[in-house]
Amino acid sequence: MSYPMLALACALVLALVACGDDGGEALADEGTVAVVAVDYAFEGVPASVPVGTQLTLTNESDVELHEIVLVRIPDDEDRPVSELVTLPPEELMGLAVPNLVGVSLAPPSSEGMVVEGDLVVAEDGRYALLCVIPTGADPDEYLAAAQDPEREGPPQVDGGPPHIVHGMFAELTVDA
């Protein structure tokens with residue numbers, strides 16, 4: 001699978017509506033989990049949370065733009081997220097797009113802003129947290145391109161492979 005193809009497919013998740021699990025167990029304020037993005041991992045993602053928990057995003061990188069693309073994994077899917085992110089782009093898209101919960105973008109050294117849906121896990125099951133921002137993309141250029149009302153498809157900006165290629169993904173279980 002080529003990196004440009006993977007980057008395009010993953011960026012479509014954001015357009016149609018962004019990374020490793022550190023195994024943290026801390027649940028923040030009542031019903032809220034504070035997820036921290038660093039280059040290239042998510043920190044503070046507990047193994048499980050109760051239904052109704054809201055995720056927030058803070059980006060501690062001084063350089064990279066990060067995101068959470070939150071996707072509910074279908075009940076009949078038993079592969080771990082670490083395997084799902086290696087699927088061919090069209091298969092990953094087929095899984096992610098219809099199950100998208102929300103997207104939050106966070107510029108370097110900033111709090112995240114929800115740009116699609118929400119980051120509330122409303123159903124029990126497994127969820128994937130993904131960051132599919134191209135490596136090295138200029139944050140200002142990416143955010144400007146994402147806000148262009150005439151844009152069709154994903155923001156077209158220079159950059160390398162998406163952050164999930166570097167391991168920027170996590171899995172979360174939600175219990176009823």
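Which residue forms a salt bridge with glutamate 77? The partner is arginine 79, with the closest N and O atoms 2.7 Å apart; a salt bridge here is a side-chain nitrogen of Lys or Arg within 4 Å of a carboxyl oxygen of Asp or Glu. The model is predicted, so local features need pLDDT of at least 70 and side-chain atom pairs count only at pLDDT 80 or more, while totals for chains, interfaces and linings use all residues. Residues are numbered from 1 along each chain as its sequence is written, and side-chain values use heavy atoms, leaving out hydrogens and water.

In E6, 8 of the 8 residues are buried, so the strand is largely enclosed by the rest of the structure. Buried means under 20% relative accessible area, exposed over 50%, and partly exposed in between (1.4 Å probe, protein chains only). E6 pairs in the antiparallel sense with strand E7 (residues 100-106) over 6 bridges, where pairing requires that DSSP finds at least two bridges between the strands. Valine 69 has valine 103 as its bridge partner in E7. Another 5 bridges join E6 to the antiparallel strand E10 (residues 125-130), in which leucine 129 stands opposite leucine 70.

Arginine 72 forms a salt bridge with glutamate 123, at 3.9 Å between the closest N and O atoms. Arginine 72 lies in E6 and glutamate 123 in the loop between strand E9 (113-117) and E10, so the pair ties together parts that are 51 residues apart in sequence. Arginine 72 counts as buried at 12% relative accessibility, whereas glutamate 123 is partly exposed at 46%.

Note on methods
Helices (H or I, at least four residues) and strands (E, at least two) are DSSP runs, numbered from the N terminus.
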